[in-house]
Structures are given as C-alpha cells and as structure tokens.
Amino acid sequence: MTDEATATLWWDTPSQSIRYIDQTLLPGEFTIVACTSVNRLATAIRRLEIRGAPALGVAGAYGVALAAATSTKTNHTAFMEEVSAAAGILRSTRPTAINLAWGIDRVLGKISPLTDARSAREYALQEAQTIAREDTDCCHAIGKHGSTLLPDTCTVLTHCNAGALACSSWGTALGVIRSAVREGKNIKVISCETRPLLQGARLTAWELARDGIDVTTITDSMAAHFMRAGAIDAVIVGADRITSDAVFNKIGTYMHAVCARHHNIPFYVAAPLSTFDCVKTERDVIIEERGREEVTTMGNRVYVPDGAHVRNPAFDATPMDLVTAIVTEHGIVRPPLDIRSLLSHTSTI
Ligand code: MRU
C-alpha cells in the first residue's frame with residue numbers, strides 16, 4: 001500500500017481545485033469530489049465529507065490557497081481582505097479541532113508579509129502543499145514511535161477514525177497500527193462503531209479491511225465488556241486538541257479512558273504537534289454541538305420521538321491523568337505535559 005493510494009485530499013493543478021474523498025459516502029461509495037470554491041469547501045467540512053483533525057488542517061490550508069487562486073483582485077490590500085474573509089468562513093466551520101485554524105493561520109502567516117497578489121497566490125499553494133507533505137511525514141514518524149509501545153502480538157481498541165482518511169495519509173492512531181503491522185507485529189484491531197456518525201464502523205473498518213489488517217467492529221457500549229474479558233491489550237486514539245490538562249477527541253473517548261484505567265489497560269493518544277494547544281485549558285475549549293437529526297435518524301428512519309430533547313456533543317475531554325502516553329512525531333511523551341516546551345521543537349522531523 002502506497003501513500004498515494006491512501007491520499008485523502010490534494011490539490012489538482014489543471015482544474016485549480018481541491019480533490020478529496022467524500023467520507024460521508026464510505027464504505028458504500030468511493031467518490032472523489034472536485035471542490036472549486038471556498039463556500040463549497042466550508043460545506044464539505046461542516047458535513048464531514050472531509051473530517052479528522054490533521055485532514056482539517058490540510059483542508060484549511062488548501063482552502064486559503066483556493067481563495068487566493070480564485071481571487072480576481074489585483075490590488076494587494078483588496079486581495080488580502082478577500083482571502084482573510086474566506087479564511088474566516090473556513091475557521092468558523094468546526095471549532096474543536098485546533099488543526100483547522102492552525103493550517104489556515106500558517107498559510108495566512110506565509111502570505112501576509114508579501115506585497116503582491118501574484119506571489120501570494122504562489123506561496124499560499126506552496127505552503128499548503130508543504131503542510132500536506134509534512135502531515136504524511138508526521139504520521140509515519142508517529143507510527144514508528146508508537147509501534148514501540150505495542151507488544152509483538154496484541155489486540156488494540158480504537159475509537160472513531162484516526163486513520164489515513166483523517167490525515168493526508170497513513171494516519172495517527174491507525175498509523176501506529178499500520179507501522180506495527182509493517183514491522184511484522186501481529187496486531188488485531190477492535191474498532192468501536194462511534195455513534196452517531198459511525199466513523200469507526202464506516203471508515204476505520206473500511207481502511208483496515210482494505211489493507212488486510214484484522215479488524216472487528218463492535219458497538220461503543222460493548223467496549224467495557226471486552227476490556228473486562230481481557231480481550232483488549234491497549235487503547236489507542238487520535239486527538240482533535242490537546243491542552244495541558246485534557247485530550248479532546250470524538251465523543252465516547254473519555255468513556256474508553258475511564259474503562260481502560262479501571263481494567264489496567266494502557267490508554268495511548270497519537271497526534272502531531274499541530275494538535276497541541278499551549279494557550280487554552282480544558283474549560284476554554286468549545287465542544288462542537290451538532291444537529292439532533294444525527295442522533296434521531298438512521299437512514300430514512302426516525303428512532304427518537306419529536307417530543308424528546310436530544311444532545312449531540314461531537315467531542316469529549318479526557319483528563320490527562322487517564323492518559324498513559326501521547327505519541328507525537330518527535331517521540332513519546334507522558335503526562336504531566338509542558339506543551340510550550342514541546343512546541344518549541346522545530347517542525348522538521
Ligand atoms: O468529527 P470527526 O470525524 O472530525 O472527529 C474526528 C476525531 O475525533 C478523530 O479521532 C480526531 O480528529 C483525530 S484524527 C487523526
């Protein structure tokens with residue numbers, strides 16, 4: 001399996017568009033979408049056609065490059081106003097994954113000091129492509145470091161999708177599993193379905209089965225049962241944001257961390273440094289609340305009566321004391337974290 005075969009989103013130069021796999025259609029349909037406008041990209045992010053923190057970082061970066069490429073403004077001030085407005089639209093689509101704003105800001109930071117629109121267009125695209133490439137490199141480095149945590153034969157539980165689809169390619173949590181398998185380890189994966197949008201059942205199981213990695217799907221509520229039965233050796237998940245006191249990830253992650261601690265199972269998080277937040281603490285982070293229909297409806301059937309209230313937080317926070325270790329592109333860190341000093345590493349691997 002090559003990285004090209006697993007690329008999630010990329011820039012298509014002839015059509016000046018962002019190409020991506022529409023993740024809402026998997027596993028039934030494999031469709032590549034060509035996106036030529038920032039508004040369409042914002043919709044794609046809101047609808048989770050593109051999703052997963054590192055992939056959102058790359059999408060945000062390409063989004064700024066797309067805004068620059070499609071702007072007809074020749075005056076530099078007017079050009080930057082238009083690109084900044086587009087960046088604002090993209091930034092507002094999903095608040096929890098820090099990578100989205102990180103990717104947008106990195107490209108804006110690159111082009112802000114420039115004084116002509118033409119070179120800004122060129123540099124914006126170059127920076128976005130660099131971010132995409134670096135993300136793949138980070139995933140491979142995370143995979144290599146993380147693999148050392150896994151025994152030669154083991155069963156690993158994961159939640160949501162922290163795979164190639166959630167990144168440029170390879171994946172963070174699934175990158176660790178892929179790297180371990182590539183090194184010859186005998187890894188079995190338990191993939192929790194991840195209600196309400198089923199990223200685990202639809203995406204993680206699809207990716208791993210496609211790569212010939214042993215994967216078993218369970219409903220989220222079965223995880224504690226399998227931990228108690230001694231069937232899980234480690235839990236490994238990705239992250240949308242890591243503050244000094246908590247790991248934000250897909251709703252349900254906290255429940256797995258609590259159960260893992262109770263059963264003495266290590267709970268690992270795999271994430272690039274672009275997911276770390278040295279400014280906010282847990283209580284300042286906005287947890288995205290999504291629409292009721294994601295909970296009430298499956299296919300065309302409604303399962304919850306109109307009179308019932310529904311809550312749908314997309315993420316939860318796992319307190320740092322439940323985390324055994326975090327795998328980054330620079331190596332393995334264990335709580336307590338000093339995020340400022342971690343981020344003072346250079347971005348090169
Ligand atoms: O709502 P989603 O599907 O974007 O949520 C994704 C997750 O929670 C992932 O686990 C996280 O972004 C890490 S992806 C490497």
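## Contacts with the ligand

A polar contact is a pair of N or O atoms within 3.5 Å; within protein, one must be able to donate a hydrogen and the other to accept it, and residues adjacent in sequence count only if both atoms are side-chain atoms. This is a predicted model, in which local features need pLDDT of at least 70 and side-chain atom pairs count only at pLDDT 80 or more, while totals for chains, interfaces and linings use all residues. Residues are numbered from 1 along each chain as its sequence is written, and side-chain values use heavy atoms, with hydrogens and water left out.

In the side chain of Arg51, an N or O atom is 2.5 Å from an oxygen atom of the ligand. The side chain of Asn249 has an N or O atom 2.6 Å from a ligand oxygen. Gly52 uses a backbone N or O atom, 3.1 Å from an oxygen of the ligand. Taken alone, the ligand exposes 420 Å² (Shrake-Rupley method, 1.4 Å probe), and the protein buries 100% of that.

## Cysteines

How many disulfides are there? The count is 0, with a disulfide being a pair of cysteine sulfur atoms within 2.5 Å. The sulfur of Cys35 is too far for a bond, because the closest cysteine sulfur, in Cys167, is 20 Å away. Cys154 is in no disulfide either, and its nearest cysteine sulfur, that of Cys192, is 15 Å away.

Is Cys35 buried or exposed? Cys35 is buried, at a relative accessible area of 0%, where buried means under 20% (1.4 Å probe, protein chains only). Cys154 is buried as well, at 4%.

Notes: Buried means under 20% relative accessible area, exposed over 50%, partly exposed in between (1.4 Å probe, protein chains only).
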